[in-house]
Amino acid sequence: MVVVGVDVHKRTHTFVAVDAVGKQVGQRTVEATTKGHLRALAWARKEFGVEVTWAIEDCRHLSARLERDLLSAGQKVVRVPPKMMAEQRRVARTRGKSDPIDALAVARAFLREPSLPVASHDEVSREAKLLVDRRETLVNTRTRTINSLLWRVHELDPQRAPKPRSLDLVKHQNALKAWLETLTGVVAEMALDELEDIIALTARIKEFDKRLSVLTRREVPALLALVGCGELTAAKLLGESAGITRFHSEAAFARHAGIAPIPVWSGNTAGRVRMTRSGNRQLNCAIHRIAVTQARIPGTLGHAYYEKKLAEGKSKAEALRCLKRRLVRVVFRLLTTDHNNRQTPAAPAAA
């Protein structure tokens with residue numbers, strides 16, 4: 001087995017190949033373009049054959065294009081968290097820091113943790129992630145603009161301050177606009193300009209809401225049926241999972257989401273665990289929202305399970321953690337079901 005570790009940068013990527021015991025057997029640096037990626041692929045096939053695993057330092061935008069090119073060529077790609085690479089570099093005999101040293105550390109980190117989730121070329125989840133990320137960027141921009149506008153309104157007349165969290169509604173936007181148009185001065189002019197930005201951002205956010213609604217209803221109907229999982233939460237789960245089939249089990253998915261408990265005991269404290277503080281915090285947040293919703297709604301399975309854990313003597317935080325671990329299993333199963341349904345669409349009804 002040959003593993004090619006990759007240290008990614010904006011303009012170049014450095015590849016270091018190691019054998020099954022971590023001995024370096026090759027090295028190559030290419031430009032960070034599709035042409036360069038294909039040259040690296042040709043080099044690896046010529047030197048090591050077709051059975052190659054590509055371990056890429058997970059650097060989001062820097063590694064995304066390389067991943068797509070390798071996956072399109074039918075290669076096995078694994079994402080290695082940067083903290084694992086840094087730890088491997090720390091304990092290695094080779095001192096210092098360079099691109100080849102980092103690439104070697106990435107490859108050896110994968111050899112130590114061969115169960116890392118593989119990358120997948122899933123266009124549905126990628127579309128969901130891009131739409132959700134863009135919507136969140138617009139929401140954050142609107143929030144900053146609203147905060148600035150509120151201070152200008154306070155300067156003009158504190159009594160005319162709109163109700164908290166109301167400026168995303170057309171009714172309150174129009175009322176504030178009608179008042180600002182009656183005023184003169186630079187402050188009123190700036191406030192009106194910011195209000196127009198808020199109105200435009202709100203319209204764009206609603207368009208993304210509609211697109212995400214159509215996407216989730218088409219691609220993950222089983223997940224949407226889960227109590228507490230709305231369209232935005234479903235889109236977040238779909239996008240951040242980045243292809244549910246890359247996880248070999250629901251336990252691996254729970255670990256990736258930072259929901260799998262980890263042991264924290266020694267001596268007389270045997271058996272104690274806590275939630276990990278690592279993992280994908282976006283997935284963790286989405287499942288947390290579902291858990292909080294179910295825990296509040298009587299009659300749901302989540303509420304019954306939550307109350308059961310409270311009756312066993314667990315604190316509210318501990319009971320909620322148990323519920324999240326149970327829900328991540330359900331989410332994994334529903335995402336898998338929706339994925340399988342997309343791959344095998346229902347046959348047309350007989351005439």
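A cavity here is a set of points, on a 1 Å grid over the protein atoms alone, where a 1.4 Å probe fits but cannot get out, and its lining residues have an atom within 4 Å of a point. The model is predicted, so local features need pLDDT of at least 70 and side-chain atom pairs count only at pLDDT 80 or more, while totals for chains, interfaces and linings use all residues. Residues are numbered from 1 along each chain as its sequence is written, and side-chain values use heavy atoms, with hydrogens and water left out.

Searching the whole structure turns up 2 cavities of 30 Å³ or more. Volume is the space filled by probe spheres set on the points, with grid points joined across faces, edges and corners.

The largest cavity comes in at about 50 Å³. Around it sit Gln-88, Arg-89, Ala-92, Thr-94, Ile-101, Leu-104, Ala-105 and Arg-108. Helix 3 (82-91) and helix 4 (99-112) each put at least two residues into this lining (helices being DSSP runs of H or I, at least four residues, numbered from the N terminus). Helix 4 gives the most, with 4 residues. Sorted by class, the lining has 4 nonpolar, 2 polar and 2 charged residues (Ala, Val, Leu, Ile, Met, Phe, Trp, Tyr, Cys and Pro count as nonpolar, Asp, Glu, Lys and Arg as charged, and the others, Gly among them, as polar).

The second largest cavity has a volume of about 40 Å³, and its lining is made up of Asp-122, Ser-125, Leu-238, Ser-241, Gly-243, Ile-244, Leu-335, His-339 and Arg-342. Two or more of these residues come from each of helix 9 (231-241) and helix 13 (316-343), with helix 13 giving the most, 3 residues.

Key:
1 Å grid on protein atoms, 1.4 Å probe; cavity = no way out; pocket = protein on both sides within 12 Å on 5 of 7 lines; lining within 4 Å.
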